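Thank you all for coming; please have a look at the model on the screen, and I will then walk through a few parts of it.

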Amino acid sequence: MSQQVPSTTAPPPVAATPAGGGIAAAIIALILAMMLATLDNMIIGTAIPTIVGELGGLDDLSWVITSYTLATAASTPIWGKLGDMYGRKGVFLASIVIFLVGSALSGLAQDLGQLIGFRALQGLGGGGLMVSAFAIMGELIPPRDRAKYQGVMSAAMGATMIGGPLVGGLITDHFGWRWCFLINLPIGLVGLVLVATGMRLPVRRAQGRVDYLGATLLAFIISVVVLVSAWGGTRYAWGSAMIVGLGLAAVLAVAGFLLVERQAREPVLPLTIFRVANFSLATVIGLLVGFVLFSTMTFLTLYQQAVQGASATNSGLLLLPVLLSMVVVNVIVGQWITKGLRLRTVLLVGSALMTASLFLMATMGTGTSRLVAALYMVVLGAGMGCLIQGTLLLSLDSVGMRDLGVASSTATLSRTVGGTIGVAASGALFAHQVQQSLAAKGPEVASAVGGEAGQLTAVGMARLPEAVRVAYEHAVADGAQLVFVAAAVLSVAALLGSWFVRQRALAPTPTDVP
């Protein structure tokens with residue numbers, strides 16, 4: 001049995017059972033909540049041009065997405081801890097209500113400033129949806145069976161990611177962009193009713209008080225990481241006073257956070273759980289997976305548009321091999337884990353597949369066909385399916401029942417932070433390589449492209465002279481190759497981390513340390 005570290009102040013866990021023994025209603029409610037969290041940004045992305053056309057505010061457009069992401073990331077660990085302290089059902093219901101209120105207000109926004117504020121409120125609720133869903137699954141389902149149900153939930157999320165942009169386009173064209181937010185209301189209300197009436201979970205009364213100072217410091221640290229990643233090299237230079245100041249503030253906040261958490265009676269992030277080697281490894285591997293997944297998907301899309309000539313819509317469809325492979329493998333691996341497949345094996349296979357796919361992608365150039373690229377993406381999706389499944393299950397299985405919320409939030413947060421850092425770091429690598437490649441072709445090529453290097457669409461490239469267009473395609477291919485090589489190196493690190501995971505199969509029944 002894996003080493004487990006329970007909270008010292010929470011009461012003993014009480015068996016959780018769905019009302020009437022109906023596990024199906026509980027799982028449907030969790031799936032609906034996770035689909036809400038996943039679907040939102042998928043739909044909104046396609047509506048952004050229409051929103052700007054009606055509300056204006058082009059300069060602050062990115063904050064429609066950033067405000068949601070920032071609020072989600074900052075609130076994730078707090079929701080997890082509140083669930084551990086006071087019971088997951090009430091916290092889950094509260095997060096759904098906040099998300100739905102934010103959705104309704106976003107759909108009624110009259111200017112971009114209102115929309116950004118309401119999106120932050122929506123993100124605050126969204127931070128609790130995914131975390132609570134995974135923690136409730138961990139409380140309702142025996143460890144070995146969690147993989148099977150998580151596979152089903154991941155399949156629903158994958159379908160949402162695939163269909164989200166298409167649904168968003170249809171809603172925007174036929175009903176207006178406001179319904180991209182309002183569509184959440186009927187879905188969320190169904191989930192709300194199912195949770196309220198079809199799920200019975202223990203209500204806890206924590207003896208300690210909420211760690212407000214620790215929660216504030218942690219939210220600040222996460223916010224700074226997101227802002228530095230979003231602003232660095234774009235709105236502000238990396239060496240600017242703003243970025244350096246934020247970095248120093250984050251360092252001081254981390255030091256203060258560690259000091260507060262050691263003294264808090266009910267810390268928002270118990271540092272003792274990191275003494276469990278498997279939990280720490282799962283967190284690090286999850287961070288690396290987030291880095292690789294988000295950066296790779298971002299620059300695969302750009303490569304397909306700039307080098308392979310795909311439109312924005314088609315480039316999204318060309319990512320289907322990754323998403324479909326990820327969903328299928330998630331479901332299959334979940335079934336195998338239920339039958340006794342060990343998590344270390346899942347992580348090793350996933351890391352190996354991810355590493356192999358990225359080294360293959362690093363060979364893609366201007367002459368690579370879409371079929372070959374799709375085959376490489378299938379391998380990447382298979383690796384990601386194993387790793388996303390494995391890291392979450394390993395996190396949940398490495399702690400006691402009392403800390404499932406913290407484990408779930410840490411696993412979710414590590415991927416989010418890794419992805420945020422990954423996109424920023426990969427963007428810097430990509431832009432530098434593209435500029436270097438263009439400069440090597442001669443000053444006339446670099447000047448013809450101008451400051452749009454790395455941002456030209458297929459339409460913009462069609463306006464370039466033939467020689468410049470070819471040079472630009474090669475430069476983008478070079479930049480994408482560098483990103484894939486960097487991601488492959490991090491995949492090797494994930495492979496090494498997986499090697500040190502303690503080999504074991506999941507227990508058939510819930511376990512905890514009294």
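Let me begin with serine 106, which counts as buried because its relative accessibility is 0%, where buried means under 20% relative accessible area, exposed means over 50%, and partly exposed is in between, with a 1.4 Å probe and protein chains only. Serine 106 is found in helix α3, residues 88-107, and helices here are DSSP runs of H or I with at least four residues, while strands are runs of E with at least two, numbered from the N terminus. Not counting residues up to four places away in sequence, serine 106 touches Leu115, Phe118, Arg119, Gln122, Trp177 and Phe181, and by contact I mean heavy atoms within 4.5 Å.

Before I go further, a word on what we are looking at: this is a predicted model, in which local features need pLDDT of at least 70 and side-chain atom pairs count only at pLDDT 80 or more, whereas totals for chains, interfaces and linings use all residues. Residues are numbered from 1 along each chain as its sequence is written, and side-chain values use heavy atoms, with hydrogens and water left out.

As for confidence, pLDDT is the predictor's confidence in each residue, from 0 to 100, and the protein chain has a mean of 81, with 84% of its residues reaching 70 or more. Confidence is highest in helix α13, residues 343-361, at a mean of 95, and lowest in helix α17, residues 458-462, at 56. Over residues 17-21 the pLDDT stays under 50, and the model has 13 contacts for them beyond four places in sequence. Residues 510-514 are also below 50, and that stretch has 16 contacts in the model beyond near neighbours in sequence. Where pLDDT is low, the predicted coordinates should not be read in detail.

Turning to the chain as a whole, it has 18 helices and zero strands, and buried residues make up 55% of its 514 residues. Among contacts with a separation of 6 or more, 85% are between residues 24 or more positions apart.

Valine 226 counts as buried because its relative accessibility is 6%, and, leaving out residues up to four places away, it touches Leu70, Ala73 and Thr420.

What covers the buried residues of α9 includes that helix, α8, and the buried residues of α9 are Ile243, Leu246, Ala250, Ala253, Phe257, Val260 and Glu261. The 23 residues of α9 should span 33 Å at 1.5 Å a residue, and its end C-alpha atoms are 33 Å apart, which agrees; the expected span is 1.5 Å times one less than the number of residues.

Which helices line the second largest pocket with at least two residues each? They are α8, α9, α10 and α15, and α15 gives the largest share, six residues. In all, 20 residues line this pocket, and Leu218, Leu269, Thr283, Leu413 and Val417 lie nearest its centre. A pocket is an open set of points on a 1 Å grid over the protein atoms alone, where a 1.4 Å probe fits, with protein on both sides within 12 Å along at least five of seven lines, and lining residues have an atom within 4 Å of a point.
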